[in-house]
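Let's walk through this model together, one site at a time. Please keep the sequence and the 3D view at hand as you read.

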Amino acid sequence: MRDRPTGDAALLLLADSRLPAGGHAHSGGAEEAVRLGTITGPEDLARFLRGRLATAGLVSAALAAAACEFAAATADHPAGPYGHAGPDPDADPAALWRRLDAEADARTASPAQREASRVQGRLLVRSARRIWPSAVLDELAKAVPEGAHHPIALGAAAAAAGCDPYQAALAAAYNSVTGPATAAVRLLGLDPVTVHRLLADLAPALNDAAHAACASLIDDVVHGVAQNGAGGHQGPAQNTATQDGAKRDDPPHHGGATNSGPTHTGSADGPAAKALGSAWPALPGHAAPALDLLAEGHRGNPMKLFVS
Amino acid sequence: MGAQHDDLHDAADPHGRALRLGIGGPVGSGKTALVAALCRSLGPSMRLGVVTNDIYTTEDAEFLRRAGVLDPERILAVQTGCCPHTAIRDDIAANLDAVETLEERFGPLDLVIVESGGDNLTATFSRGLADRQIFVLDVSGGDKVPRKGGPGVITADLLVINKTDLAPLVGADLTVMSRDAAAVRDGRPVLFTSIREDRSAHSVAEWVTSLVNTWKHSNDQAHDHTRTTPTTAA
Amino acid sequence: MTTPLRSPAASRTASVTARAVIATELSDGRTRLETLRSDPPLTLRQTGPGLVHLVSTGAGPLGGDRLELTIDVAPGTDLEVRSVASTLVLPGSSPAGSVMLIDARVGAGASLRFSPEPTVLAAGCSHRMAVRLSLADDATLFWREEIVFGRHGERPGRCRTRFDATVAGRPLLRQELLIGDPAVDAGPAVYGDARCVGSTLIAGQRWDAARDRKQERRATIGDGWAAMPLAGPGVLASALAGDTVELRSRLERAESAAALLAIS
Ligand SMILES: Nc1nc2c(ncn2[C@@H]2O[C@H](COP(=O)(O)OP(=O)(O)OP(=O)(O)O)[C@@H](O)[C@H]2O)c(=O)[nH]1
Ligand SMILES: [Mg+2]
């Protein structure tokens with residue numbers, strides 16, 4: 001990886017809508033919402049963006065942070081993220097990339113959204129490999145040849161660019177609202193300054209989402225230990241808005257031979273190894289049923305300007 | 001769709017791949033008609049793929065598929081999110097993906113044609129996407145259009161002025177158009193067509209054929225002398 | 001094995017912790033209930049062969065309650081779980097929220113159908129629901145959840161749900177819902193104008209398309225509902241509606257469509 005003291009400038013490049021990675025053709029459900037009349041002006045749009053950020057945006061941010069963290073770990077240990085090339089298939093970076101990608105699949109019920117996410121992920125990896133050449137991106141492209149989900153690709157690209165997981169999460173959260181916002185400007189002829197004002201109003205929520213996304217990575221390490229000790233469910237979380245991702249029960253680990261995650265395989269790998277893949281099942285999974293319906297409606301409609 | 005880009009093809013590296021020909025021009029000038037004509041005349045002798053960039057529908061792709069000029073599977077449609085010029089110039093990722101998908105599924109190919117969505121006179125193809133480009137005007141916009149210039153008219157490798165059959169009806173003077181185009185194009189070729197009358201667009205097909213041959217030849221040479229990148233005009 | 005119907009939970013003052021269990025076993029090739037352990041207010045009744053009703057969930061859970069239901073469907077057995085009435089989640093006297101946890105395992109060749117009446121989030125409630133489903137490779141599942149945002153004309157309290165389903169350890173569906181959160185509720189992105197949300201996960205090998213991930217299977221959609229093929233062996237039927245009657249009818253349409261998406 002190139003030597004960069006900080007990823008700040010790289011983050012700007014990565015989050016810029018001019019990054020040539022196909023994002024301009026996706027409206028994130030906004031085109032269908034406009035067609036159905038549920039977005040007609042700035043007020044609707046503001047609520048649409050807020051809801052999108054709190055759901056799909058948070059999930060993307062968490063997946064991107066996880067991917068960035070994992071990418072950085074594989075880059076540090078080319079033999080595999082756990083620094084050894086043992087017989088454990090879970091230590092194979094390609095298998096782990098596929099596992100993280102499967103976590104994105106499981107959080108995306110709508111096939112239209114999965115397709116849009118994979119197309120964008122594939123295009124991003126294509127461009128990022130030329131912009132920030134790195135073994136990690138080559139690895140991801142090989143591991144998921146049909147195209148990794150966009151947040152996964154974004155996280156890996158962020159790592160290749162020199163960003164940290166928080167920056168990856170921030171870029172993902174930002175992307176989750178800027179695409180639909182721009183689409184609405186084009187589709188409804190909204191005043192672009194008004195719409196940028198909406199985005200500015202969302203800035204604190206974007207930060208919160210990125211923090212929550214990163215907390216979900218760290219949190220689980222703590223929970224994982226607690227789980228091993230006490231087992232079972234945590235108490236109810238007192239949640240607020242987008243910080244939900246930080247407080248959550250662990251996902252199912254019904255002991256048993258069925259779970260292939262490092263949670264159950266990592267006893268010899270030490271705490272760092274344990275931390276990596278074990279957080280993934282518990283990452284936020286906030287669903288937006290209306291976005292699902294919008295995505296599927298859009299997919300079925302032949303008259304459209306945007307891919308999704 | 002989806003190309004499995006196992007080895008990283010630098011788009012600028014044309015080594016061993018099909019010539020990518022962009023066809024741009026204003027709305028309704030006859031781009032799709034020209035693509036169909038080229039498929040008709042080149043299809044028998046070349047391995048082809050086509051990518052369309054429709055604005056609001058997949059109408060162009062459907063038209064071409066229905067026209068039966070090419071195996072429908074070899075025609076892919078790309079959506080451009082309100083900005084057809086963005087997809088061929090500023091952010092070409094989706095078009096590149098489509099082109100490479102065709103090459104991967106049906107390759108090796110000789111020629112991949114990318115039709116842009118109808119746009120304005122400033123819309124040209126990125127060199128990262130198209131190796132050569134044709135700009136299609138028609139006479140119905142009046143004979144002043146070549147004089148107005150714009151990157152498409154000025155820099156395209158070939159300027160096609162279509163619908164000459166309509167010239168008398170709209171009062172367009174073809175000699176004026178020819179003279180004005182020559183003035184701004186610095187010797188690059190201009191061809192007049194009426195695809196309505198010549199459904200194979202013979203003159204354009206001939207130009208494309210020689211382009212593809214030159215392309216192959218220079219690629220072979222590049223292959224012989226290690227890997228120099230031929231970026232000079234044909 | 002059974003417990004008499006309790007008096008309305010609303011009259012309680014102390015919060016409760018309850019752990020109920022349903023476990024099946026295969027006996028002479030038939031499904032038998034190996035364990036049916038009620039723990040009020042989670043009261044279970046066997047109402048048919050392989051059929052169990054939750055009977056006492058009509059009032060509560062209340063704030064501070066923590067209810068856990070474990071379902072273990074042994075290999076080769078079939079279980080159906082329903083409820084006699086909707087679940088009304090209330091604030092209660094404890095400042096703590098209420099918690100409902102369901103852990104279900106469905107063994108090889110087994111099937112589980114879980115279709116309780118809706119959960120209604122009364123004003124002021126603070127509820128958490130977590131469902132963890134772990135399916136064997138060739139298990140079959142029908143799992144319905146319906147949530148109503150407040151009683152008639154009422155703003156709902158807060159609720160957060162997490163749903164995790166894995167098949168042979170691989171994630172099939174992970175979803176969280178936030179209800180009563182101003183950032184989420186009002187917008188056209190999450191629930192639109194709906195006051196009820198419902199989803200049914202239908203899973204099993206019949207829905208495991210020979211996976212060509214380049215070509216996602218198409219969803220079937222209707223007014224306010226969709227049947228969406230998942231990346232793994234399952235389909236999610238999903239619906240949004242203004243009231244419970246409309247929700248059920250939309251969800252049932254989505255479920256029928258989902259069933260049709262099985263690979264023949
Ligand atoms: N009279 C006449 N009509 C033509 C000629 N070539 C094409 N057309 C007609 O012009 C119309 C537009 O042609 P297309 O090929 O669809 O034009 P296009 O540039 O692809 O249009 P967009 O993709 O919508 O920008 C069609 O009705 C064609 O039949 C021609 O040489 N003469
Ligand atoms: Mg056309």
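A polar contact here is a pair of N or O atoms within 3.5 Å; within protein, one must be able to donate a hydrogen and the other to accept it, and residues adjacent in sequence count only if both atoms are side-chain atoms. This is a predicted model, where local features need pLDDT of at least 70 and side-chain atom pairs count only at pLDDT 80 or more, while totals for chains, interfaces and linings use all residues. Residues are numbered from 1 along each chain as its sequence is written, chains are lettered from A and ligands numbered from 1 in the order in which they are written, and side-chain values use heavy atoms, with hydrogens and water left out.

Let's begin with ligand 1. A side-chain N or O atom of B:D165 sits 2.8 Å from a nitrogen atom of ligand 1. B:N162 also brings a polar side-chain atom to 3.0 Å from a nitrogen atom of the ligand, whereas B:E115 places one 3.1 Å from a ligand oxygen. On its own, ligand 1 has 650 Å² of accessible area, and the protein covers 72% of it (Shrake-Rupley method, 1.4 Å probe).

Which protein atoms are its donors? They are B:T32 (OG1), B:D60 (OD) and B:E115 (OE), at 2.0 to 2.1 Å; donors are N, O and S atoms within 2.8 Å of the metal (3.2 Å for Na, K and Ca), and as water is not among the atoms, sites may look incomplete. B:T32 belongs to helix α1 (residues 31–42) of chain B and B:E115 to strand β4 (residues 111–115), so this pair ties together parts 83 residues apart in sequence. Helices (H or I, at least four residues) and strands (E, at least two) are DSSP runs, numbered from the N terminus. Both B:T32 and B:E115 are buried, meaning under 20% relative accessible area, with exposed over 50% and partly exposed in between (1.4 Å probe, protein chains only).

Now turn to chain C, where C:R217 lies in the loop between β15 (196–203) and β16 (220–222). Is C:R217 buried or exposed? It is buried, because its relative accessible area is 19%. Its side chain reaches the backbone oxygen of C:L230 at 2.9 Å, and a polar atom of that side chain is 3.0 Å from the backbone oxygen of C:W207. Beyond its neighbours within four places in sequence, C:R217 has contacts (heavy atoms within 4.5 Å) that include A:P111 and C:I263.
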